[in-house]
Amino acid sequence: LTSRPISRYQPRCQLALSIGRKVLPSASLVPDDPTVLLTIAGMLQFKPIFLGKVPCATTSQRCIRTNDVENVGRTSRHHTFFEMLGNFSFGDYFKKEAIKWAWELTTLEKSMVTVYEDDDEAFEMGHDEVGVPVERIKRMGEEDNFWTSGVTGPCGPCSELYYDFRPERGHSDVDLGDDIRFVEFYNLVFMQYNRTDDGSLEPLKQKNIDTGLGLELMARILQKVPNNYETDLIFPIIEKASELANVSYALADDSMKTNLKIIGDHLHAIVYLLSDGVVPSNIGRGYVVRQLVRRAVRTGRLVGIKGDIEEAFLPTIAEKVIDLSTHIDSDIKTRAFLILEELKREELQFVQTLERGEKLLDQMLADALSSAQENSTAPCLSGKDAFLLYDTYGFPVEITREVADERGVNIDMNSFDIEMENQRRQSQATHNAVKLEVEDGGDQAENIRDTEFRGYDALSTRAVVEA
Ligand code: ATP
Ligand code: MG
Ligand code: MG
Ligand code: MG
């Protein structure tokens, strides 16, 4: 694993091998469930299995987390697209085995494990049976280490494994929030209670295990690179973008590196979303892919990649993503032509939108100047206008500001920030937890909480503007 390229060697199988279970295929990013927008975790596809038909499984589940989009390139470990390795038990093995296998899979000297503060069982299993030294087990509160699917329903303590990049610093008074030293890579959820209407916890008859381990994170630890982006799962995509931009990643400054990482991440997400049949549009998951394409185009411009209305550049980078896919994602190779065509169409359409935005900005600035002259005030572009340019025409506010500056016009950044914050809150709503319910205290769990994707309302107006 350490010496071979991860993307080819398939550490995806490692987890299954370590616990001797069969690997099931990843489910689509488009969940087979109308109440959830996109697949955000490995357990999603197992909702029917929580009804008790299959005892256990392992998967490498492709996931999209739009709530992490602002973290992309800025933290060392967050992506919008990633693969979550998971092992699951549905009334089969439970806490002891899950802890033991997780610990065996990881490096004894370099891991810390957290347990829920009241979960003496996990502490003892970890310490007495698995042999984790006391100083490397940390008890944490409900916020970090108790998983719930909603106010009522199945829930339970969880334990998380952290990789320690500086074990030589010792283990007294460690701060797991120090993300230079520690990184959370594996989450083990012990679904053992049902929370009833009166708030009390009753033990579940069928106890379940749900785990998640980031493939990119595992690759980064094993390949000893400073962040997930420099693993061979993503770096070749970044290199392709660097080549088109005619820059060297190694010599680039931090902001250039961040932008290249954004391109690497977004192309990954875009290709897999298109492959799973998501069509760019102004609503729902179609809007997620559209926004990712737009961000990738804009970021491409920032790093100096010159596409224009005649020539798209995203498909060239997307080809690299397709090259990196393996037999596990064979669908991508068979759909390559369609993916690249769709991407090209979307990019070129956006470039046209950008050009329309340039004309609109020109008009807005002329209006701001003439109304300032009439009212003898300082010329100012409203935050709403700047946001319209950003949101509908894909203009980063820095560019709007630069152009406005040249014409001697200010931008009302306070009201722009308010518009941005409103939008951020809306997109946050696309990231939802899975809600399961136990009926009559029995052993069956079902129902996924409705997704409150408020973006639908906001986006329908955008469709009108663009039409
Ligand atoms: P973090 O605290 O790093 O945001 P999380 O607690 O939100 O992670 P979980 O929901 O516990 O993550 O998911 C299980 C595992 O999946 C994490 O331990 C991590 O390895 C991986 N993971 C989660 N979010 C991302 C992401 N945005 N990009 C890459 N890997 C991720
Ligand atoms: Mg997170
Ligand atoms: Mg976390
Ligand atoms: Mg976690």
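Why does N246 count as exposed? N246 has 10 C-beta neighbours inside 10 Å, so this residue counts as exposed.

## Before you start

This is a predicted model, in which local features need pLDDT of at least 70, side-chain atom pairs count only at pLDDT 80 or more, and totals for chains, interfaces and linings use all residues. Residues are numbered from 1 along each chain as its sequence is written, while chains are lettered from A and ligands numbered from 1 in the order in which they are written.

## Two domains

Let's begin with the overall layout. The protein is divided into domain 1 (6–226) and domain 2 (234–427), with bounds that come from an automatic or database domain assignment. Their C-alpha centres lie 33 Å apart. Domain 1 brings 20 residues to the contact and domain 2 brings 21, where two residues are in contact if their C-beta atoms, placed from the backbone, lie within 7 Å.

On the domain 1 side, α1 (6–9) and β2 each supply at least two residues, and β2 gives the most, with three. By class, the domain 1 side holds seven nonpolar, eight polar and five charged residues. Here Ala, Val, Leu, Ile, Met, Phe, Trp, Tyr, Cys and Pro count as nonpolar, Asp, Glu, Lys and Arg as charged, and the others, Gly among them, as polar.

Strand β3 (residues 81–90) is mostly covered, with 10 of its 10 residues buried. In a regular strand the side chains alternate between the two faces of the sheet. In β3, F81, E83, L85, N87 and S89 point one way, F82, M84, G86, F88 and F90 point the other way, and all are buried.

Strands pair if DSSP finds at least two bridges between them. Strand β2 (residues 56–64) runs antiparallel to β3, and nine bridges join the two; T58 has N87 of β3 as its bridge partner. Strand β9 (residues 201–214) also pairs with β3 in the antiparallel sense, over five bridges.

β8 is largely enclosed by the rest of the structure, because 11 of its 14 residues are buried. β7 and β8 are antiparallel and share 10 bridges, and E160 has N187 of β8 as its bridge partner. Nine bridges link β8 to β9, again in the antiparallel sense, with Y193 facing P203 of β9 as bridge partner.

β8 and β9 form a hairpin with five residues between them, and G199 in the turn has a positive phi of about 90°. D197 also sits in the loop between these strands, and this residue counts as exposed because it has 7 C-beta neighbours inside 10 Å. D197 and T152 are 45 residues apart in sequence, yet 6.2 Å apart in space, C-alpha to C-alpha.

## Around ligand 1

Which residues are the closest to ligand 1? They are D68, F82, N187, G212 and G214, from a shell of 16 residues; a residue belongs to the shell if its C-beta atom, placed from the backbone, lies within 6 Å of the ligand. The elements giving two or more residues to this shell are β3, β8 (182–195), β9 and α6 (215–223).

β8 gives the most, with four residues. By class, the shell has six nonpolar, five polar and five charged residues.

D173 is in the loop between β7 (153–164) and β8, and counts as exposed because it has 5 C-beta neighbours inside 10 Å. N246 lies in the loop between α7 (235–245) and α8 (254–275).

In helix α10 (residues 314–324), the buried residues are L314, P315, I317, A318, V321 and L324. They lie on the same side of α10, because they cover an arc of only 165° around the axis, taken from the directions from the helix axis to the C-beta atoms.

Note on methods. Buried ≥ 20, exposed ≤ 12 C-beta atoms within 10 Å, placed from the backbone.
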